[in-house]
Amino acid sequence: MMVGQCLCGEIRISVRAHADAVSACHCSLCRTWSGTIWMGLEAAPDAVTVEGTPRSYRSSSFAERAFCPTCGTQLWLRDDDGPYELMPGLFPGSKSIPLTREVYADRTFAWAALAGEHTRVSATEYERKYPFVEGDQP
Ligand SMILES: [Zn+2]
Ligand SMILES: [Zn+2]
């Protein structure tokens, strides 16, 4: 069980089970929302309990991004009917979970390229498989 909360404590998230993998995304939506790099830790909907009332913003036709309405802490990105992609930084216990995948790796700021042996997926490769991320600008 992993428990995390936003800066002000209004939103508290308990996670009973999650992937042993963190992924990063450098697409323009994630870059804008996060300030630089979005990171996600996947957890099934039935493994996540949220206390408090987050707000969410529909950032595309297929996904929403949730945040605390009081302090603005980013909480998750979630495709419709998909798993939670939780922000790992909410959970002190997530520090040892490895980064396994970096998406839009060719769109990052030069100083924000992530080191290590993980899968790197370019914008072209990603959009070949998931063409729904349209409107992304380099
Ligand atoms: Zn808050
Ligand atoms: Zn993204």
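**View 1. Buried cysteines of the predicted model.** Cys25 is buried, as is Cys30, where buried means under 20% relative accessible area, exposed means over 50% and partly exposed lies in between, with a 1.4 Å probe and protein chains only. Cys27 also counts as buried, because its relative accessibility is 4%, whereas Cys71, with a relative accessible area of 28%, is partly exposed. This is a predicted model, in which local features need pLDDT of at least 70 and side-chain atom pairs count only at pLDDT 80 or more, while totals for chains, interfaces and linings use all residues. Residues are numbered from 1 along each chain as its sequence is written, ligands are numbered from 1 in the order in which they are written, and side-chain values use heavy atoms, with hydrogens and water left out.

**View 2. The zinc ion (ligand 2) and its donors.** The SG atoms of Cys25, Cys27 and Cys30 coordinate the zinc ion (ligand 2) at 2.2 to 2.3 Å. Donors are N, O and S atoms within 2.8 Å of the metal (3.2 Å for Na, K and Ca), and since water is not among the atoms, sites may look incomplete. Along the chain, the donors of this ion have the spacing C-x1-C-x2-C.

**View 3. An open sheet of eight strands.** With mixed pairing, the strands are ordered E6-E7-E8-E9-E4-E3-E10-E11; strands are DSSP runs (E, at least two residues), numbered from the N terminus, and two of them pair if DSSP finds at least two bridges between them. Strand E6 (55-60) and strand E11 (119-121) are the edge strands, each pairing on one side only.

**View 4. The pairing of E6 with E7.** Five bridges join E6 and strand E7 (residues 63-67) in the antiparallel sense, and Arg55 stands opposite Phe67 in E7.

Technical notes. Helix = DSSP H or I, 4+ residues; strand = E, 2+ residues; numbered from the N terminus.
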